[in-house]
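Hello,

Here is the structure we talked about. Please open it first, then read my notes below.

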Amino acid sequence: MTDQNVQERAGQNVGNEPSLLNFIEKAGSIYTQVPLTGVRTVLLEGVDGAVRSNLIQAEGAGRMFNDGAAQVDVSFFFEDGQGNELAAGGLSIPAGGSAPIPFISLPCLAPGEKLTIEAVENGG
Amino acid sequence: MTLHALASFHDLKQKRGGGGGLSDGNVVCIRRDLSTTTPAELGPPPGKAWQLVMNAAAGSVDAPLPVPGAYVSFDTSGGLEISESLVTPDGTEVPVAVESGIPSPGIASDAFQSWLVPGIILPYPFKLRAIISTGTPNGRVYLAVAFTEFDLPKDVVTD
């Protein structure tokens, strides 16, 4: 939980699945409500003691849902752990629509590395 | 009104505590900045072997996967090419692939060519070497890889 968003973490142990090398220890999702005020919100963050990874190809293992009546412009950022914030482009989501999170097909996030998101309503 | 974002993740096994490095079945996450001048190298330490962590969801060792071995590009100039080579135990550099179509701009990743598939085990002292061979990046471009690390059998020469 942060002061800027509602964030829930749900993990489930899948360590005994017969996947190759059985390397996955846990899996889960981050659910975040992103305010439409341009406030930067952490979407995924590297944690100590694990290699937090998104190993899903294609669209990435994430989706955004716009519950409003106007288009929303979304921007993405990557913070590399040394304080460097690297812009990552953005996209627009129509009112009532959804879109894949395009950038999280990263192999792994080291501690301190973050994927962040910000959104603003586009009245036009 | 809000934007609802749902992002999934896996936490991969990583040895707790210090000393001894990673052990069997644990995962090492590697990043190497790529440049036009100095090759980036990566490879397992003595006595160890690395195997690319597989995309369990894809379930195929043949498909060139966007992850987990990938070039991540923040380049805004476009047109980059990255040359990969395999460095053998005697130091010979064997060209293995040239990556093109590196996404630009933004956080995006481009897969290794299919030569480095999850079935390939890279033992010490083999190394992977990569350099930006065409173009000059405007922004950071790096190699990001997730390997699982094994102990090499005792009958394999490791030094």
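Which residue in β10(B) is the bridge partner of E41(B)? It is R129(B). Keep in mind that this is a predicted model.

Start with the sheet. It is open and has 4 strands, in the order β3-β10-β6-β7 in chain B, with antiparallel pairing. The edge strands are β3 (40-42) and β7 (93-99) of chain B, and each pairs on one side only. Neighbouring strands are turned by 25° against each other on average, direction ignored. β3(B) and β10 (residues 127-134) of chain B pair over 3 bridges.

Now the charges. Side chains of opposite charge can pair when their charged atoms come close. The structure holds 4 salt bridges over all chains. One of them joins E41(B) and K127(B) at 3.2 Å, N to O. E41(B) is in β3 and K127(B) in β10 of chain B, so this pair ties together parts 86 residues apart in sequence. E41(B) also meets R129(B) in a salt bridge of 2.3 Å. Those two are 88 residues apart. R129(B) has another such partner, E93(B), at 2.7 Å.

Is R129(B) buried or exposed? R129(B) counts as buried, at 16% relative accessibility. E93(B) is partly exposed at 43%.

Last, look at H4(B), in strand β1 (residues 2-12) of chain B. H4(B) counts as buried at 18%. Its side chain makes a polar contact of 2.9 Å with that of D67(A). H4(B) also touches other residues of chain A, including Y31(A) and F65(A).

Best wishes

Definitions and conventions:
Residues numbered from 1 in each chain as written. Chains lettered and ligands numbered in written order. Predicted model: local features only at pLDDT ≥ 70, side-chain atom pairs only at ≥ 80, totals over all residues. Heavy atoms only, no water. Pairing = 2+ DSSP bridges. Axes fitted to C-alpha atoms, helices over the stretch in contact; angles between N-to-C directions. Buried < 20%, exposed > 50% of the residue type's maximum accessible area, 1.4 Å probe, protein only. Polar contact = N/O pair within 3.5 Å; in protein donor to acceptor, adjacent residues only side chain to side chain. Contact = heavy atoms within 4.5 Å. Salt bridge = Lys/Arg side-chain N within 4 Å of Asp/Glu carboxyl O. Lists of a residue's contacts leave out its neighbours within four places in sequence.
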